Amino acid sequence: MENNQNELQTQEKVIVENINEEDTNKEQITITTHIDETDLYHLNMYLISRNKNLSSIIFGIVFIIWAIWDICLHGKTGLVWNIVICILGILFILYALLFYKILMVRKVKKLNLQKLEPIDVTINDEGILYELKSEKDEKYEPYAWNLISKIVESDYYIYIHLIDKRTILLICKKDITDDTFVSFMKTKVSEKKYKVMKSKSEF
């Protein structure tokens with residue numbers, strides 16, 4: 001009986017050692033990214049560039065089509081009112097395509113952006129762990145790869161979009177010392193999810 005217990009303890013010890021060895025050998029890459037005020041400004045500009053304000057464009061088009069249809073149907077009857085509706089439609093479209101972005105850019109420039117603490121970014125088979133360096137003692141769960149809707153790479157940044165459509169993880173490419181980090185990420189998401197922005201001035 002005692003021999004059987006010893007054998008079981010030995011087997012359990014071997015299993016635990018194997019699990020620890022697997023955890024140690026698990027492939028992962030960690031970088032520390034430093035995000036300052038300029039980087040946060042570029043992140044906000046990126047968010048503005050993604051907002052197409054489609055609702056205003058659709059309202060504008062509907063107003064214009066409705067006014068033209070009413071003019072064709074009733075002629076000069078209510079012509080002034082239809083002209084006003086057309087003008088409103090044009091203003092909606094101009095606001096969406098031009099004025100909205102101008103207003104948002106001015107708003108971003110007025111923000112009191114502050115440099116963030118260094119952030120450790122660890123990628124492994126489970127996902128992406130994104131945590132402040134000062135909170136290393138805290139235990140956070142990584143964002144699983146299936147929670148990532150897409151990754152966008154520009155000349156200076158990597159934007160990681162989560163499927164909740166509200167969260168974007170920012171990584172500064174200047175903090176990536178070699179291609180291993182990016183190559184590893186590409187193996188974890190499909191080609192459709194990994195997008196490279198066309199080279200242009202970064203806002």
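What does the cover of the buried residues of helix 3 include? The cover includes helix 4 (79–110), where contact is taken as heavy atoms within 4.5 Å. This is a predicted model, in which local features need pLDDT of at least 70 and side-chain atom pairs count only at pLDDT 80 or more, while totals for chains, interfaces and linings use all residues. Residues are numbered from 1 along each chain as its sequence is written, and side-chain values use heavy atoms, with hydrogens and water left out.

The protein has five helices and eight strands; these are DSSP runs numbered from the N terminus, with helices being H or I of at least four residues and strands E of at least two. Starting at the N terminus, the order of elements is α-β-α-α-α-β-β-β-β-β-β-α-β. Of the 203 residues, 31% are buried, on a scale where buried means under 20% relative accessible area, exposed over 50%, and partly exposed in between (1.4 Å probe, protein chains only). Among contacts with a separation of 6 or more, 61% are between residues 24 or more positions apart.

Helix 3 covers residues 54–74, 21 residues in total. From first C-alpha to last it reaches 30 Å, close to the 30 Å expected at 1.5 Å a residue, the expected span being 1.5 Å times one less than the number of residues. Its buried residues are Ser56, Ile57, Gly60, Ile64, Ala67 and Asp70. After the helix comes Gly75, with a positive phi near 65°.

A four-stranded open sheet has the order 7-6-5-8 and mixed pairing; two strands pair if DSSP finds at least two bridges between them. Strand 7 (168–172) and strand 8 (194–196) are at the edges with a single partner strand each, so one side of each has no neighbour in the sheet. On average, neighbouring strands of this sheet are turned by 15° against each other, direction ignored. Axes here are lines fitted to C-alpha atoms, for helices over the stretch in contact, and angles run from 0 to 180 degrees between N-to-C directions.

The pairings can be followed across the sheet. Strand 7 is antiparallel to strand 6 (residues 157–162), with five bridges, and Ile158 stands opposite Ile171 of strand 7. Helix 2 (residues 37–50) packs on the sheet and touches strand 5 (148–153), strand 6 and strand 7, its direction making about 55° with that of strand 6. Strand 5 and strand 6 also run antiparallel, joined by five bridges, and form a hairpin with three residues between them. Lys150 has His161 in strand 6 as its bridge partner. Strand 5 pairs with strand 8 in the parallel sense, over three bridges, and Ile151 has Tyr194 in strand 8 as its bridge partner.

The loop between strand 6 and strand 7 contains Lys165. Its phi is positive, about 65°, although Lys165 is not a glycine. Lys165 is exposed, because its relative accessible area is 79%.

Finally, the cysteines. There are zero disulfides in the structure, a disulfide being a pair of cysteine sulfur atoms within 2.5 Å. Cys72 is exposed at 67% relative accessible area, whereas Cys86, at 18% relative accessibility, counts as buried.
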